[in-house]
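Reader: I would like to learn how to read the strands and the core of a protein model, one feature at a time. Could you take me through one?

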Amino acid sequence: MLVDIVPVGEVPADVKREGSAALRSVYDCDVRVTEDQRVPSGAYNEGREQYRAEDFIQLARRTGTGDKNIAITTEDLYYHRRNYVFGLAYLDGEGSVISTYRLRDEHDRPAADGGAAIDDGFSERDPADVFTDRVRKEVVHEIGHTIGLEHCSNNRCVMSFSPTVREVDVKEENLCGSCRREVL
Ligand SMILES: [Zn+2]
Ligand SMILES: [Zn+2]
């Protein structure tokens with residue numbers, strides 16, 4: 001399998017590099033990074049101040065020539081009624097996208113009324129490392145959908161549904177045994 005990463009907008013070099021490395025380590029695949037693409041202006045929703053995720057998937061499919069193609073952007077994405085998405089892919093499709101925009105969020109922000117942050121072992125880590133891990137997991141997750149994997153009930157599995165960074169931080173970068181058996 002060949003995967004093309006399609007950077008859209010100003011995507012930092014380490015994001016491209018980590019995304020490539022994660023895909024290579026989890027799937028038996030080659031990865032290429034295409035030239036940077038301009039953010040599709042038609043994808044912007046002024047009312048929401050966000051970009052429509054599907055447009056980035058289409059751009060990935062037009063630009064990439066891999067078996068699978070994944071757009072990576074720093075812009076904030078939405079999909080239908082979801083307030084935001086970290087990424088989007090069609091099951092068994094050729095295109096997908098991830099956004100790093102909300103992957104920089106803090107894991108446990110203390111509540112404004114003085115609630116204490118939970119010490120879950122993540123708070124001690126360098127925020128840059130936490131961010132990098134999330135990028136890697138989300139890239140692996142979306143490509144997982146494109147090769148036919150649906151969401152997994154194992155919250156440690158990279159295919160578990162992660163609507164907030166909390167779930168992203170709990171899961172690991174790898175496929176669980178049963179997901180692995182389905183595709184590898
Ligand atoms: Zn998913
Ligand atoms: Zn799984």
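Author: Five of the five residues of strand S9 (residues 95–99) are buried, so S9 is largely enclosed by the rest of the structure. Buried means that 20 or more other C-beta atoms, placed from the backbone, lie within 10 Å of a residue's own, whereas exposed means 12 or fewer and partly exposed lies in between. Strands (E, at least two residues) and helices (H or I, at least four) are DSSP runs, numbered from the N terminus. This is a predicted model, in which local features need pLDDT of at least 70 and side-chain atom pairs count only at pLDDT 80 or more, while totals for chains, interfaces and linings use all residues. Residues are numbered from 1 along each chain as its sequence is written, and chains are lettered from A and ligands numbered from 1 in the order in which they are written.

Reader: Which residues of S9 lie on one side and which on the other?

Author: In a regular strand the side chains alternate between the two faces of the sheet. In S9 both faces are covered, with Gly95, Val97 and Ser99 buried on one side and Ser96 and Ile98 buried on the other.

Reader: In which sense do S5 and S8 pair with S9?

Author: Strands of a sheet pair through backbone hydrogen bonds, either parallel or antiparallel; here two strands count as paired if DSSP finds at least two bridges between them. Strand S5 (residues 68–73) is parallel to S9 over five bridges, and Thr73 has Ser99 as its bridge partner. Strand S8 (residues 87–89) runs antiparallel to S9 with three bridges, and Leu88 is partnered by Val97. S8 and S9 form a hairpin with five residues between them, and Asp92 in the turn has a positive phi of about 65°.

Reader: Which residues touch the most other members of the largest nonpolar core?

Author: A nonpolar core is a set of buried Ala, Val, Leu, Ile, Met, Phe, Trp, Tyr and Cys residues joined through C-beta atoms within 7 Å. The largest one has 42 residues, of which Phe56, Ile70, Ala71 and Val97 touch the most other members. Helix H2 gives the most to this core, with five residues. Leaving aside neighbours within four places in sequence, Ala71 is in contact (C-beta atoms, placed from the backbone, within 7 Å) with Val6, Val8, Phe56, Ile57, Leu59, Ala60 and Val97.

Terms used. Two residues are in contact if their C-beta atoms, placed from the backbone, lie within 7 Å.
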